[in-house]
Amino acid sequence: MPDATGLELFAQEIGDTDDQAVLGTVFFRDRATLLVSPKAVPAALQFLKGKGYTFLASVHGVDYFPEEPRLGVLYELLDMKTVDRITVKTRVHTEAPIVPSVTHDWPTANHQEREVYDMFGVHFTDHPDLRRILMPEDYEGFPQRRDFPIGGEPIIFTHSEAGGPGWWK
Amino acid sequence: MVEVSDIVDRDLEQKPLVQAAYDVSSLQQPEYDDELLTLNFGPHHPATHGVLRLLSTLEGEVIRDVKPIIGYVHTGIEKTAEDKSYWKAIPVVERMDYLAYMFNAYAFCGATETLVGLEIPKRAQYLRVAHMELNRIKSHLVWLGTSALDLGAMSMFWYCFRDREEILDILEMSTGQRMHTRYIQVGGVAEDVPVGWADKVLAFAKSFPTRVDQYAALLSKNEIVLQRLRHTGTVDEQTLLGLGVTGPLLRATGNPWDLRKAAPYSSYDDFEFTIPVGTIGDNYDRYKVRLEEMKQSARIIEQAVEGMPEGPWITDDRKYALPPRHELATSMEALIHHFKLVTEGFRVPPGEVYFPVESPRGEMGCFVRSDGSAKPARVHMRDPSFVNLQALKPMIIDTYIADMIATLAMLDPVLGGIDR
């Protein structure tokens with residue numbers, strides 16, 4: 001892990017090129033997190049790639065309901081030479097959940113961004129194939145959001161069917 | 001009753017037998033190169049090792065494109081875990097990658113322990129290592145048995161499942177369950193191992209490397225295995241790294257990345273073991289790497305059981321671990337703690353943690369976000385099978401469809417982990 005000072009230096013360096021990019025830093029339990037604006041994600045990841053964090057371990061989404069901006073996308077970066085990890089995080093509103101895709105630079109993000117889209121409804125611009133991945137293609141709603149109820153999916157058994165058995169006719 | 005001859009007669013009246021003459025020159029044989037066939041491989045096919053659908057485009061027998069379609073066994077485990085208190089989420093999380101349940105549980109418990117800041121007793125760490133390595137062998141045995149079955153080697157399946165049964169017996173002895181043991185708890189393990197367990201494990205760990213040699217004698221120089229695995233599905237290291245692939249697949253290309261060595265957790269630095277690597281990253285290398293990994297796991301198990309320190313097997317912080325049963329009758333405080341833990345669960349300080357471990361298939365990372373309540377606000381498992389599946393296309397593109405079966409077997413995907 002970069003220590004707290006190292007994290008601040010990274011934030012400073014990214015902020016030098018774009019002063020809107022870095023929104024904050026979190027250092028919690030020896031884990032460094034860099035909070036950046038959605039637009040600055042590709043640039044921040046490229047910058048960290050240059051610093052040796054060449055392996056994108058994971059991309060995943062979080063719903064911070066009821067906080068605003070609600071949705072978060074996290075990128076877990078790994079430096080395999082020095083065995084160092086850093087997290088890049090961005091937050092978007094549910095009204096305009098738009099984050100630039102990083103699939104072109106990091107092919108591993110392809111399926112994982114699709115999963116975030118599927119579960120949280122975050123749109124990744126320039127993603128080559130942004131479709132649902134785990135839920136059916138005609139599914140409506142984003143099930144991992146916190147306001148999506150558990151049990152929101154009706155399960156039809158013969159006994160719970162409204163019209164009684166006989167649907168096969 | 002209608003006579004059969006009647007039908008034939010009527011049909012003959014309505015339809016002339018000879019149709020209008022057609023232009024023979026229009027019946028061109030299509031060019032071989034133009035003809036592409038879309039083949040739906042799966043979702044119900046034994047060689048997909050689960051419910052995986054591969055939409056493949058074939059040109060003759062050569063694969064030109066493949067799209068994995070997943071989600072058939074998506075059960076929303078991550079969502080369900082959000083509705084359970086931390087210690088009740090463990091059995092749900094275990095059911096993601098059903099061949100590597102100890103690793104699922106450890107990744108989740110490890111993330112929770114990091115959020116809380118719990119110290120894990122040394123004995124618990126050793127017990128975890130012994131159980132996780134038993135689980136690794138067991139997972140690789142299922143892989144070896146079913147993969148060999150895909151290649152046509154029937155008897156390997158029985159040998160592997162015979163040995164797997166021994167491991168399941170050992171797990172049943174220490175945890176009470178054959179699978180989905182819920183043995184790893186937040187703060188340690190559920191229970192100390194019973195008398196006689198260590199001897200049984202040692203006997204297994206000592207005899208197991210010989211068994212692996214026997215498997216190797218059966219398979220490694222087998223003509224069919226060599227023809228189907230050597231120089232098929234080859235992908236170089238840089239492509240795999242770009243695709244986020246870890247585990248035996250990456251090690252087969254010669255990159256010795258293993259979290260157990262690189263960032264030792266749970267006292268892995270106490271044990272002596274080596275990381276097997278391949279050379280060119282074809283299917284045969286993947287096969288050899290996993291075979292050797294099983295032997296190394298047996299080595300670790302032997303060291304962990306022989307060097308098992310005495311002491312508690314779970315943290316004595318009563319806010320997070322259940323008090324011992326006998327205290328409930330004598331101590332009011334223990335009873336309160338027990339009641340609190342069983343009803344509400346324990347509260348975890350707010351924060352976010354990503355906790356990676358080395359599962360049999362690569363980096364399994366659990367992301368847990370706590371909002372300060374007794375239930376996790378978000379649980380996400382970075383499952384290695386899900387990420388590794390993206391590497392299938394570069395492995396099999398422009399090869400024969402028969403190689404796809406072998407490559408998929410050597411990729412070792414677990415659909416429960418992919419779909420979660």
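**Close-up 1. An open antiparallel sheet of chain B.** In this predicted model, 3 strands of chain B make up an open sheet with antiparallel pairing, in the order β1-β4-β5. The edges are taken by β1 (37-41) and β5 (62-69) of chain B, each of which has a single partner strand, so one side of each lacks a neighbour in the sheet. Direction ignored, neighbouring strands are turned by 20° against each other on average.

**Close-up 2. Pairing of β1(B) with β4(B).** The strands β1(B) and β4(B) (residues 53-59) run antiparallel and are joined by 5 bridges. Asn40(B) is placed opposite Leu55(B) of β4(B).

**Close-up 3. Helices α12 and α16 of chain B.** The axes of α12(B) (residues 283-306) and α16(B) (residues 401-411) come within 10 Å and cross at roughly 30°. Angles under 35 degrees count as roughly parallel, and the two helices, α12(B) and α16(B), are therefore roughly parallel to each other. Their crossing is left-handed. On α12(B) the contact is made by Asn283(B), Arg286(B) and Tyr287(B), and on α16(B) by Ala406(B), Thr407(B) and Met410(B). By class, the residues of this contact are 3 nonpolar, 2 polar and 1 charged.

**Close-up 4. The contact between chain A and chain B.** Here 23 residues of chain A are in contact with 31 residues of chain B. On the side of chain A that touches chain B, β3 (55-63) and α3 (109-120) of chain A supply at least two residues each. The largest share of that side, 6 residues, belongs to β3(A). The side of chain A that touches chain B consists of 13 nonpolar, 7 polar and 3 charged residues.

Technical notes. Residues numbered from 1 in each chain as written. Chains lettered and ligands numbered in written order. Predicted model: local features only at pLDDT ≥ 70, side-chain atom pairs only at ≥ 80, totals over all residues. Contact = placed C-beta atoms within 7 Å. Helix = DSSP H or I, 4+ residues; strand = E, 2+ residues; numbered from the N terminus. Nonpolar A, V, L, I, M, F, W, Y, C, P; charged D, E, K, R; others polar. Axes fitted to C-alpha atoms, helices over the stretch in contact; angles between N-to-C directions. Parallel < 35°, antiparallel > 145°, perpendicular 65-115°, else oblique. Left-handed = near helix turned anticlockwise from the far one by under 90°. Pairing = 2+ DSSP bridges.
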